[in-house]
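Dear colleague,

I am handing over the structure that we spoke about, with the sequence and the coordinates placed just below. My notes on what was found in it follow after that, and I would be glad if you read them with the structure open beside you.

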Amino acid sequence: MISKEEKGGLLQGIRILDLADEKASFCSKLLADMGATVIKVEKPGGDSSRKIGPFLRNSPHPERSLFFYYNNTNKLGITLNLEHPMGRGIFIRLIKRTDIIIETFAPGYLKNLELNFEILKEANPKLILVSVTGFGQNGPRNKYKSCDLVASAFGGQMYVSGSPLTPPLKPFGEQSYYSASLFAAISVLLALRKRVHNGKGEQIDISLQESVVSTLDHVMVRYFYEKVVTKRQGSLYWNNSYCILSCRNGYILLTPFQKWETLIEWMDSEGMAEDLKDDQYREEEYRLRHLSHIIDVLQRWTKTHTVNELFELGQLMRFTWAPVQSLKEVFDCPQLKAREFFIHTEHPEMNLSFAYPGPPYKFSCFSLDRWKRAPLVGEDNVQIYEKELGLSEEELKRLSSMKVI
Amino acid sequence: MVKEILSGLRVLDFTWVLAGPYATRILADFGAEVIKVQSKKTAKGAESNITGYFNTWNRNKRSITLDMSYPEAKEIVLKLTAMSDVLIENFTPRVMSNWGLDYEKLREVKPNLIMISLSAMGQTGPWRDFVAFGPPIQALSGLTVLTSYDPAAPLGLGYAYADSIAGLYAVLSILAAMDYRDKMGQGQYIDLSAYESMCTLLGPALLDVSLNKQEVRPHGNRSEYLNAAPYGCYKCLGIDRWCVIAVHNEEEWHALSQALGQPVWTREEEFSNLSKRNEHADELDQLLGQWTGQHTAEEVVELLQKVGVPAGVVQNAEDLARDPHLKARDFFTYLEHSLLGSTIADRSPIKFSDDSVAGWKAAPTLGEDNRYVYMELLGLTEEEFSSYVEKGVIG
């Protein structure tokens, strides 16, 4: 393999101002983790996402939000009141040395502050502005309020998740924010390539709703080509290819149809195949018609095993089965440990160090040599305002007393 | 035209099913020349060129046929690699090296090649050879059990979300590696794990486990981290029609009760502030559900959004296909396919100011670009080409 001596930041030299709240703070985290310089610009007192749990020791506090910790690693942090005329002036100075702004304000907000793209472009013609909002910048719903629940409903995730006996179910976590952030991070790198060709800045419009619709796998395809509306059917997968069954000590996700003969041979060797050995079950059509019986027999069999027995033996026979893991099991997973997926991160001001989920990729020519916890409120004000913008200590104090910083 | 953005980038694409094709579709949408390597033997099921699935995930790509079981195929791959910027594959880890086509070998013909292997578990570790598609990845990551009402009845998502997520990470990694190559002149081998990709989307909850040493349990549409009430999914008029309502603060609560005409229950002491509403969330849900049940989801949402309360219609595939907002934003696009006729698919949520999709085309038929790739690009003569076709190497 290539020597790792020639490492450098993968996205070294790219400068990003992160004005995003919880909807897209993950976007610039993705880019910061790859080596871009990201400055998080929070309103004085801190961003609203610092109020989102979970919290360190379960005690809510702006410096203890694990949601904020996770979504802001490797960023610098400053505070700035954009709504104050002096804050606006400082912001214009900041963007002269910025490649990218990521923001999540309601459409029209930046225009009211006279900070819309046309004006920002005058200060920096090469600026790339990425806006992530609930429904995008235009269209009849562009002023609607959104959050993960609303995006998940309008985007089609909920209707197909859950059981027929329950209300539709939102995927756990802020999945619409994460998928939109992934699209937004990709858009940043696309816009930078476009800028190399034409030398100009760019405005990008990303909607949470569309990000959700774009990650629905079969749902729209099935409708457009077969006019079938997918419904929620519990843990049984839409095309019956997977179901979840209980074992002696937990749950396994398995395939009731795949590699039928191998499966029946395995169950039969343990005397658990019952009538599934009968020839008529070799026909897929017949199996589909008797699916609930097959699942009953499988359930009696899986109950006699531990999850890991079925998982590891199944994988040896190339069954695409998996345990339904809890987060504790994920945290203790031997595969993730062997790949050093979790990264120990120092929080020196609290005398704490604990493991964070790291990136899912390994680059041969690059590894991040810095890995830093999220910034405290205004942690880098002095560095950015005094050392980079050249403000004096007195000016900084004055701005602070006027609540600009 | 969005096709101009990645023009000049050539991608040799060995991927199949969803995660890999989802990634290369994004590259192709923005103008990369993606050459999908297929064969008659592999073009089945999800990889059969004339299905809706294939057409959806493989638009804007080229298709060539090459049967990797022939020794000549390896030489052809090396020649194609020498002319490509990126090679992407999503096999289990031993496949490429069994063909003698690992990164070390490929670099000999293309020193600054960017190669990415997108596998279920990554290229190393005790589970490296394990096989998995989207649903098993979701089950492993914790997403399945947490997307449930009860830990003893895991449900999970009704679709393969993890494939899209791994595909998005693949695109991000490739573009970052391109940026690095442009600056440093060096290629890159990227080992991407779908399992880890999914885990990164459960970050805050994993930190909770890491730091507070407590297990995280499912709570339906609520969660133990939530500080909002009412917050949930409510039944509306019609068959299987639902809306969602999310009230995070006093302002939204007052707007909601006004919109409802301030019924007596909204003034009860037990709902008088957010922490009390959180405490009595079940009771609140029941009362609110009685009101939503008398209206259509669309009515509820329009009424509540008008007064600034976050609310949404639980849309199904048909609703999405007819959604006037998505229509106004041109979210779906039509592409003419030589066999399937006029086909429709989602565009991209990445909307540039100039977002014209001029030049987009439907997915290729099997081997549609054989002559272009083998003769025009590789420079095979008519005789060489025919002899490969006859032998079945190109087939």
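**Chain A and its fold**

The secondary structure of chain A comes to 17 helices and 12 strands, and please keep in mind while reading that this is a predicted model. Taken along the principal axes, the C-alpha atoms of chain A fill a box of roughly 85 × 50 × 45 Å. Chain A has 405 residues, of which 52% count as buried, and among its contacts between residues at least 6 apart in sequence, 66% join residues at least 24 apart.

One local arrangement in chain A can be followed strand by strand. Strand S2 (residues 37–42) of chain A pairs with strand S3 (residues 76–79) of chain A in the parallel sense, over 4 bridges, and within this pairing Lys40(A) has Gly77(A) in S3(A) as its bridge partner. Together with helix H2 (residues 66–71) of chain A, the strands S2(A) and S3(A) make a β-α-β unit that is right-handed.

**Where the two chains meet**

On the side of chain B, 114 residues are in contact with 119 residues of chain A. Helix H8 (residues 161–184) of chain B gives the largest share of that side, namely 14 residues, and by class the side of chain B that touches chain A holds 70 nonpolar, 34 polar and 10 charged residues.

Which residues surround Cys243(B), once its neighbours within four places in sequence are left aside? Its contacts then include Tyr234(B), Cys236(B), Thr292(B) and Ala297(B), and also Val300(B), Val301(B), Ala311(B), Gly312(B), Val313(B) and Val314(B).

Finally, the domain assignment of chain B gives domain 1 (2–200 + 329–391) and domain 2 (242–313), and the C-alpha centres of these two domains of chain B lie 46 Å apart.

With kind regards

Technical notes
Residues numbered from 1 in each chain as written. Chains lettered and ligands numbered in written order. Predicted model: local features only at pLDDT ≥ 70, side-chain atom pairs only at ≥ 80, totals over all residues. Pairing = 2+ DSSP bridges. Helix = DSSP H or I, 4+ residues; strand = E, 2+ residues; numbered from the N terminus. Right-handed = clockwise from strand over helix to strand, strands pointing away. Contact = placed C-beta atoms within 7 Å. Nonpolar A, V, L, I, M, F, W, Y, C, P; charged D, E, K, R; others polar. Domains from an automatic or database assignment. Buried ≥ 20, exposed ≤ 12 C-beta atoms within 10 Å, placed from the backbone.
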